[in-house]
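Please open the structure in your viewer and keep the selection tool at hand.

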Amino acid sequence: MSHEDTLQAIVKNLAGRGQSRPRKVNTLSNTIRSLLAETLSDAQLATLVNALEQRGYIKVTDGKVAYHLPP
């Protein structure tokens, strides 16, 4: 799975969760790790979270996550 495909799978999963999305970065990282069913390093998880933030899907403030996902 390419990096772009991985990001799209994460966004799709989060968008489908409604109000039960992870509220903190640690929980989001654990959710991504579970979703991908792969052993990801902390650096790889941080890269994915940063990519989501750079693309405007999430905003992280003081360790808390706000979402701006497509419907």
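Begin by selecting Ser29, which, when its neighbours within four places in sequence are left aside, is in contact with Leu45 and Val49, where contact means heavy atoms within 4.5 Å. The model is a predicted one, in which local features need pLDDT of at least 70 and side-chain atom pairs count only at pLDDT 80 or more, while totals for chains, interfaces and linings use all residues. Residues are numbered from 1 along each chain as its sequence is written, and side-chain values use heavy atoms, with hydrogens and water left out.

Is Ser29 buried or exposed? Ser29 counts as buried because its relative accessibility is 14%; buried means under 20% relative accessible area, exposed over 50%, and partly exposed in between, with a 1.4 Å probe and protein chains only.

Now widen the selection to helix 2, where Ser29 has its place; helices (H or I, at least four residues) and strands (E, at least two) are DSSP runs, numbered from the N terminus. Axes here are lines fitted to C-alpha atoms, for helices over the stretch in contact, and angles run from 0 to 180 degrees between N-to-C directions. To see where they meet, select Leu28, Ser29, Ile32, Arg33 and Leu36 in helix 2 together with Asp42, Leu45, Leu48, Val49 and Leu52 in helix 3.

Next, keep helix 2 (residues 25-36) and select helix 1 (residues 3-15), whose axis comes within 11 Å of that of helix 2 and crosses it at roughly 110°. On the helix 1 side the meeting residues are Thr6, Ala9, Ile10, Asn13 and Leu14, and on the helix 2 side they are Leu28, Thr31, Ile32, Leu35 and Leu36.

Finally, move to strand 1 (residues 58-61) and strand 2, which pair in the antiparallel sense over four bridges; two strands pair if DSSP finds at least two bridges between them. Select Lys59 and you will find Ala66 of strand 2 standing opposite.
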